Amino acid sequence: MAELRPPDSTLTALDEDTLWDMTESHRWQIVRSICPSRLTPYLRQAKVLGRLDEEEVLHSPRFTNTAMRVGHLLDLLRTRGKNGAIAFLESLKFHNPDVYTLVTGLQPDVDFSTFSGLMETSKLTECLAGAISSLQEELSQEKGQKEALLQQCRRLQERLGQAEAHAESLRQLEADHGRMKREVSAHFHEVLKLKDEMLDLSLRYSNVLQEKELAATRCRGLQEELYLMKQELQRERLSASCEREFRERSLKMAHSLECGAEELSHLKEENEKLRSLTFSLAEKDILEQSLDEALESKQELVKRIHSLRERAVAAERQRTQYWEEKEQTLLQFQKTKVDCEIYKEKMNALQSQVVELQKERDKAYSARDAAQAAISQNLTEKDALRRKVFELTDQVCDLRQQLRRLQAESPQEPKQEVGAGEPCRRGKQRLARMFAICPRDDSHCSCLSSSEAQLWSDLSATSSRELVDSFRSSSPVPPSQQSLYKRATEDFRDPWSFSGFLEIPEADGRASPGSKAGDADLDYEIVDRADLPESESSLQPNSRSLCISASSVPVRRRPARKILSQVTVLAFQGDALLEQISVIGGNLTGIFIHRVTPGSVADEMALHPGTQIVMVDCEATEPFFKATLEGTTLEQAVGLLRRVNGFCCLSVKVNMEGYKKLVRDLEAKVATSGDSFYIRVNLALEGRAAGELQVHCNDILHVTDTFFQGGGCWHASRVSPYSMKDTEHGTIPNYSRAQWLLVTLVQDMAQQSTAARKQSSGGPQKLVRIISVDRTKASPLCSSFDGAQSDASKLEEPCTGCFWAESCVTLVPYTLVHPHRPSRPRPVLFVPRVVGKILSEKLCLLQGFKKCPAEYLSQEEYDASSQRGDIVQEREVSGGQYCVTRQAVEFLMEKNTHALLDVRLDSVRALHRMGAFPIIVHVAVNEKAARKLRKALQRLGTSEEQLLEASRQEEGELDRAPCLHSSLAPDAWSDLDTLLSCVRFAIADEQKKVVWTELRTR
């Protein structure tokens, strides 16, 4: 311990280096003794430590113990200089006086005059009060812990009694175990004896086999000896036959000698003469020596003959042995040759199969690339054909208009009579109730082209089916011929209808300015038959020869009542409607008329700014063109109204309050339009031009204007993941342009090689999210179109079409999303599921996490739960089902616990329907990461290859998930413990974020 200094010395007189040297010299004692959570309130009041610094010191996952947290606190305070050292030492006065004395050598006191002045007295008092309250809270917590420990002690005593009873049962089981063990040992000895006997028998059997082999060898030797004996017997037989022949010859010779006795006597005499001859000693020696040499040569010849005979016998034996070996070798050669032929056939078959597989693989690759290229080409051709179709449709409409003008200019007697009977020039008509309108009659169908005649025949057939029972229809759809005939004949017989009809022009001519001003409220329905062509105004019933002109057809009229906010249907000739009016608004506010061209037909129909357009109906001139503008974007509304070029029916209502609010927002630049919706981007946009927003795949954007700067692009803002505030803003391509960018990107990917197309898990930023949508199940923003086709395929004018999946291209660049802010802990789902099982076992040991068990349901319970929609995932077993239910998930969520789910990704939509929004944690796995989890995989009985295969399969399903997910790269963790820490941090981070779910219908 440092020596005690005089109490009047102050720390402020020392310089920074001296203070920190004093602190660093006792660093190891400081980090072992103090608690950082007690010091941080004082340090924050002294303004040497910020809130983020305190959060990092106390809750950062990098520091696993108190010593590391205190060390990081000292490092932070050292960056604050002398004030950090003084504030730290003063905090030790209150909470660790012994450490303060150890470091400074001063006695701790609470005299305010000795403080450094970093804090005001009031703040210091507040800090001390806070410290006292924290100590009191700690004391109360310790008391609560003491009570909990006492309760735990009682429970442990109860468990001790249970354990003693259990120990008694275990002793009984141990006695039984000993008895059974002795029996097992006795049986084991018997088994050993049986094994010994089996070993003896096997040895005897092997000896018998060896004796059998020896006997077989001896038998083969005896057979060889027998063969040799047979050969010797043959040789003896040959020698015996030779001897018999020699004896026969000798007998013949003896017989011949007997016949020549005289010669024998003569020979004897000669022999005696020879014997009587005397030889010299030299000649005798020579003869004896020659005799001895002849005897020796004879003996050598006999020995040589004997050795040659032995060698011949040995050679015969070897020849026999070699013959047998040759036979065996030939047999083995034949077998080997047959096996070789079989193996050759197998190898040829395998090689042919491999070649066929390679050809099929190459064909499949080429077919796949060709299919992708063909799909892209087909999409391009379809869009080009669609553009041609719309151009031809525009040409047909122009030709129809020219035909109508020509027919209108042609002189007709009924029209002239009507013109002569008109009292004065027609002004703006008085508003009157409209019952029915017939824009065209069948009497002039012969003058039309075949296509137009077919069009009006289909329209009349549809009208006759729909309105066959309607005599007085207020619908803008043209009535059937039967209804027109009934109306014409009945009104023709009614004299009051003629007088009332003839009085209408006079009443209109005498209309007061006040009445005209009242007509501008658009709360009436209007009939203006003078605007229609003459060919559309005549009536000829088929059943009678009665012919009535358009001007003489009696139409009953009555004054309409003004009802505020009531939808009114206006039928008029809307040639080039967007040249007569301009609109503002969007899907959030509605579509409003902003300007009206003076003197136009729209102006004569009393349309004025502030009128909201609810529906547009042009089925009279263009079949299947009927759309609701409520909930549509400004780009959609402009595209639909641009197509109106002829007779149309507009459903409108007055909404001045909404219009004025929109105009105020536009003038104050609070908004640029009435559009407001959120989208999820399914491709990466670079944003090269000035003002364009750089967007990554899976970003959430807030679109505020779909007709920005005249169309072609949208104005959007990037949304903060933790709140719904707009951060960075800019322009992005509209739906059609983004769709073509997506198609182009897919084409580029199709032209790349397969090797370049593969990306490892956790690789670079994702470029494309392939999502398709059914045209019959389009976005809610396009639900106003009743099967109508738009001009979204016209890339030259991308702003003229509807943007939400209305073209034939099924790829979706943007997906509508909706925000959610769940207050309870969200369930957790891991991808891949194998890694999820490993992590769930670890997370269950921590507070705030628990597995969601699968319940066994009988068939009746399962049927009832299915009807209620409570089944998240099911697994069939005999007699019932194992199911993860909504009740189990909500039970854990109500306990403020994250439910760990072991379900497939296709169960996420079911959870969304139940109001549960799971956190999807994707752990990217490659070969290196799989090796890190080898031990855990072995405990599950899973190999690394199976993990990689499952990871590849489930990563493909992530694109179809209706919400965002959190991904962990393989390099972000080194072992299972660090992976667990990263997962906990990711779950805590995702719990703070806004949940965005897709509104797209599958």
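Visitor: How many helices and strands does the protein have?
Guide: In this predicted model, the protein has 29 helices and 20 strands.

Visitor: What makes C649 count as buried or exposed?
Guide: The relative accessible area of C649 is 4%, and buried means under 20%, so C649 is called buried. Of the 1002 residues of the protein, 37% count as buried.

Visitor: How many disulfides does the structure hold, and how do you know that for C649?
Guide: The structure holds zero disulfides. A disulfide is a covalent bond between the sulfur atoms of two cysteines, and the two sulfur atoms must lie within 2.5 Å to be counted as one. For C649, the closest cysteine sulfur is that of C648, at 6.7 Å, so this pair is too far apart for a bond.

Visitor: Which residues does UniProt list as "coiled-coil region", and what does the chain look like over residues 926-953?
Guide: The unreviewed UniProt entry lists residues 132-183, 257-367 and 926-953 under that name. Over residues 926-953, the model gives 82% helix and 0% strand, with the end C-alpha atoms 13 Å apart.

Visitor: What share of the contacts joins residues at least 24 apart in sequence?
Guide: Among contacts between residues at least 6 apart in sequence, 71% join residues at least 24 apart.

Technical notes: Residues numbered from 1 in each chain as written. Predicted model: local features only at pLDDT ≥ 70, side-chain atom pairs only at ≥ 80, totals over all residues. Heavy atoms only, no water. Buried < 20%, exposed > 50% of the residue type's maximum accessible area, 1.4 Å probe, protein only. UniProt positions renumbered as here; feature names shortened; annotations may be inferred. Helix = DSSP H or I, 4+ residues; strand = E, 2+ residues; numbered from the N terminus. Contact = heavy atoms within 4.5 Å.
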